[in-house]
Amino acid sequence: MNAETEKCVGCERLSQEFQHLRSQWCWLLLFGVLLLICGTVAILYPILSTFATMVVLGIVLMVAGVATMINAFWAGKWSGTMLQLFIGTFYLVLGIVIKDLPFRAALAMTFIIAAFFIVTGGFRIVAALTVRFPFWGWSLLNGIVTFLMGVIIYRHFPETALWVVGLLIGIEMLFHGWTWIMVSLAVRRIPAAPASPTV
């Protein structure tokens, strides 16, 4: 399948998937712009966004804990009731701790992120050098960058706890916003569906 054929297939798939949203493309664009703005603010004020993230995470866990406990009682007696009560209690307590101690929660989250980056980057480097699959150089570069980010975050710990979470969330929102903006512009270019013939 050549590039032109793949492009035609992609356009046809886009037309089928998003035809019903063609007239609403501006809302997708607005959503993308909103994410773009939020991501930019999170990157410019990473300390504020880090603490806001921790507080929101704490509230979400509290709500999930209460809902899980209610559901355990509502479902009646069954073998998983005690497990559901335990999980609900764990969510609730963890949510309260994160909400009341956002800085310590950010410390723990930053340490986990650093460890995750170091381990993931290391695995990617080893896999790229060992398997040598097509375009393995990009995977190697990805692994090196991820590994170095983890090392930098860890070496400057605990100062990095103030901004790492907020910065990463801001970057994610920024790219997510650009993605929706590109989708909205692609949806706008979808040709109108032909009118159904009247009998």
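Predicted model: local features only at pLDDT ≥ 70, side-chain atom pairs only at ≥ 80, totals over all residues.
Q: How many helices and strands are in the protein chain?
A: Both are DSSP runs numbered from the N terminus: helices are H or I with at least four residues, strands are E with at least two. This chain has seven helices and zero strands, so its pattern along the sequence reads α-α-α-α-α-α-α.

Q: At what angle do α3 and α5 pack?
A: Axes are lines fitted to C-alpha atoms, for helices over the stretch in contact, and the angle between N-to-C directions runs from 0 to 180 degrees. For α3 and α5 the angle is about 100°, with the axes 9 Å apart. That makes α3 roughly perpendicular to α5 (under 35 degrees is roughly parallel, over 145 roughly antiparallel, 65 to 115 roughly perpendicular and the rest oblique). Contact means heavy atoms within 4.5 Å; here it involves T50, F51, M54, V55 and L57 of α3 with P102, F103, A105, A106 and M109 of α5.

Q: Is S49 buried or exposed?
A: Buried means under 20% relative accessible area, exposed over 50%, and partly exposed in between (1.4 Å probe, protein chains only). S49 sits in helix α3 and is buried because its relative accessibility is 13%. Leaving out residues up to four places away in sequence, S49 touches A42 and G166. Compare T179 in helix α7: its relative accessibility is 45%, so T179 counts as partly exposed. Of the 199 residues of the chain, 25% count as buried.

Q: Which residues make up the largest nonpolar core?
A: A nonpolar core is a set of buried Ala, Val, Leu, Ile, Met, Phe, Trp, Tyr and Cys residues joined through side-chain atoms within 4.5 Å. The largest one here has 11 residues: M54, L61, I98, A105, A106, I113, A114, F117, I153, V164 and V165. One member, L61, contacts Y91, L92, L94, G95 and I98, apart from its neighbours within four places in sequence.

Q: How many aromatic pairs are there in the whole structure?
A: A pair of aromatic rings is described by the distance of the centres and the angle of the planes. Rings of Phe, Tyr and Trp (its six-membered ring) pair if their centres lie within 6.5 Å; planes under 30 degrees apart are stacked, over 60 edge-to-face and the rest tilted. The whole structure holds four such pairs. In one of them, the F116 and F117 rings have centres 6.2 Å apart and planes at 50°, so this pair is tilted. Ring pairs also link F111, Y154 and F157 into a cluster.

Definitions and conventions
Residues numbered from 1 in each chain as written. Heavy atoms only, no water.
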